[in-house]
Amino acid sequence: QVQLVESGGGLVQPGGSLRLSCAASGSVYSNYVMGWYRQAPGNQRELVAAITSGGSTKYADSVKGRFTISRDSAKNTVYLQMNSLKPEDTAVYYCRLDYSDYVGPMDYWGKGTLVTVSS
């Protein structure tokens, strides 16, 4: 069993930056996909960024050039550096660990961290 704990959310002004962290504890396999998702009130949960254990990344069009996902495998931690934040980035951000493409149908979600972008 794996537990994911997000941190780093908070209130920031438009144009500001935040760095989200997701620390995984428990047994972590070597091959995985980790992603950051977000959900704003009334909206669907959407993928923001994802990274594989090999370092491949992808981003939602809305955050390309502004957000960067990275990982520190030794610490079992993934990060989301968010720059040039906009009010429309306001959402609860969730971390997801997915083994489905590698080990089996297993995925885990964190409880989320709230990011509020407002002046």
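Student: Where does S84 lie?

Tutor: S84 lies in the loop between strand 8 and strand 9. Strands here are DSSP runs of E with at least two residues, while helices are runs of H or I with at least four, and both are numbered from the N terminus. This is a predicted model, in which local features need pLDDT of at least 70 and side-chain atom pairs count only at pLDDT 80 or more, whereas totals for chains, interfaces and linings use all residues. Residues are numbered from 1 along each chain as its sequence is written, and side-chain values use heavy atoms, with hydrogens and water left out.

Student: Is S84 buried, exposed or partly exposed, and at what relative accessibility?

Tutor: S84 counts as partly exposed because its relative accessibility is 40%. The cut-offs are under 20% relative accessible area for buried and over 50% for exposed, with partly exposed in between (1.4 Å probe, protein chains only).

Student: And what about the phi of S84?

Tutor: The phi of S84 is positive, about 50°, although S84 is not a glycine. Most residues other than glycine have a negative phi. N76 also has a positive phi, near 50°, and is not a glycine either.

Student: Where is N76 found?

Tutor: N76 sits in the loop between strand 7 (67-72) and strand 8 (77-82). With a relative accessible area of 30%, N76 is partly exposed.

Student: Back to the loop between strand 8 and strand 9. Is D89 there buried or exposed?

Tutor: D89, whose place is in that loop, is buried, with a relative accessible area of 1%.

Student: Which side chain does D89 meet in a salt bridge of 2.9 Å?

Tutor: That one is R38, at 2.9 Å from N to O. A salt bridge means a side-chain nitrogen of Lys or Arg within 4 Å of a carboxyl oxygen of Asp or Glu. R38 is in strand 4, so the pair ties together parts that are 51 residues apart in sequence. R38 is buried as well, with a relative accessible area of 6%.

Student: And which side chain meets D89 in a salt bridge at 2.7 Å?

Tutor: R66 does, again given as an N to O distance. Since R66 lies in the loop between strand 6 (57-59) and strand 7, this pair ties together parts 23 residues apart in sequence. R66 is buried, with a relative accessible area of 10%.

Student: Which residues make up the network of salt bridges?

Tutor: R38, E46, R66 and D89 are linked in that network. The structure holds six salt bridges. Among them is the pair D61 and K64, whose side chains meet at 3.0 Å, N to O. D61 is exposed, with a relative accessible area of 65%.

Student: New topic: strand 9. Why is strand 9 called largely enclosed?

Tutor: Seven of its eight residues are buried, so strand 9 is largely enclosed by the rest of the structure.

Student: How many bridges pair strand 4 and strand 9?

Tutor: Strand 4 (residues 33-39) and strand 9 pair over seven bridges, in the antiparallel sense. Pairing here means that DSSP finds at least two bridges between two strands. Q39 has V92 of strand 9 as its bridge partner. Strand 9 is also joined by three bridges to strand 11 (residues 113-117), running antiparallel, and there A91 stands opposite V115. Strand 10 pairs antiparallel with strand 9 over three bridges, with D98 opposite D107.

Student: How many disulfides does a search of the whole structure find?

Tutor: The search finds one. This disulfide joins C22 to C95, with 2.1 Å from S to S; the cut-off is a pair of cysteine sulfur atoms within 2.5 Å. The pair links distant parts of the chain, C22 in strand 3 (residues 18-26) and C95 in strand 9, 73 residues apart. The torsion about the S-S bond is about -80°, so the disulfide is left-handed. C22 counts as buried at 0% relative accessibility, and C95 is buried at 0% too.

Student: Last one! Where is the place of Y102?

Tutor: Y102 is in the loop between strand 9 (91-98) and strand 10 (107-109). Y102 counts as partly exposed, at 38% relative accessibility. Together with Y29 and V103, Y102 forms a nonpolar patch on the surface, with about 280 Å² of accessible area. Patches take residues with over 30% relative accessible area and no salt bridge, joining nonpolar side chains (Val, Leu, Ile, Met, Phe, Trp, Tyr) within 5 Å and like charges within 9 Å. The areas come from the Shrake-Rupley method with a 1.4 Å probe, and for residues only the protein chains shown count as cover.
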